[in-house]
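Subject: Structure for you to look at

Hello,

Here is the structure I said I would pass on. Please open it first, then read my notes below.

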Amino acid sequence: EITAAKSAAAAGLATETQRATAAEAAELARATNAEAQLGSAIADETSRAVSAEQTISNDLVTASNTLSTEITAAKSIAAAGLAAETQRATVAEAQLDSAIEAETSRAIHAEQAIGVALSTTADSLTSQVSAVATD
């Protein structure tokens, strides 16, 4: 009876050991599968993050290039406008100088004409006074 009990206990122990081993193997397989899925999810998220980072980097480079181009164009337009205004100011200054010279010349001629007229008038009056005084 003891031998049969030992035998039954050994058989039960073997069966329980097999069940435990099978359960442990199944649990290990589930854990391995979950770990693989987690690794795959991490790889997918990492790939998406790298792709998003690359897209953002490309967008920033594009925006920087566009801004640089716009700034260069604005500087060129401003420089052209400044050159045109400088040219207009130079022409206006030359015209003003010419007008001042012309007016100065006219004023000098007018002053000379007035001087001659005054001198002639003075001479005439002197002659008339002398003639009246002689009479």
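What percentage of the 135 residues in the protein is buried? The buried share is 0%, where buried means under 20% relative accessible area, exposed over 50% and partly exposed in between, with a 1.4 Å probe and protein chains only.

This is a predicted model, in which local features need pLDDT of at least 70 and side-chain atom pairs count only at pLDDT 80 or more, while totals for chains, interfaces and linings use all residues. Residues are numbered from 1 along each chain as its sequence is written, and side-chain values use heavy atoms, with hydrogens and water left out.

The protein has 1 helix and 0 strands; these are DSSP runs, H or I of at least four residues for helices and E of at least two for strands, numbered from the N terminus. The C-alpha atoms fill a box of roughly 195 × 20 × 10 Å along the principal axes.

By the rule used here there are 5 salt bridges, each a side-chain nitrogen of Lys or Arg within 4 Å of a carboxyl oxygen of Asp or Glu. Among them are these:

- E16 and R19 are joined at 2.3 Å, N to O. They sit 3 residues apart in helix α1 (residues 2–134), about one helical turn. E16 is partly exposed at 43%, and R19 is exposed at 52%.
- E85 and R88 are also joined at 2.3 Å, N to O. Both residues are partly exposed, E85 at 45% and R88 at 49%.

Regards
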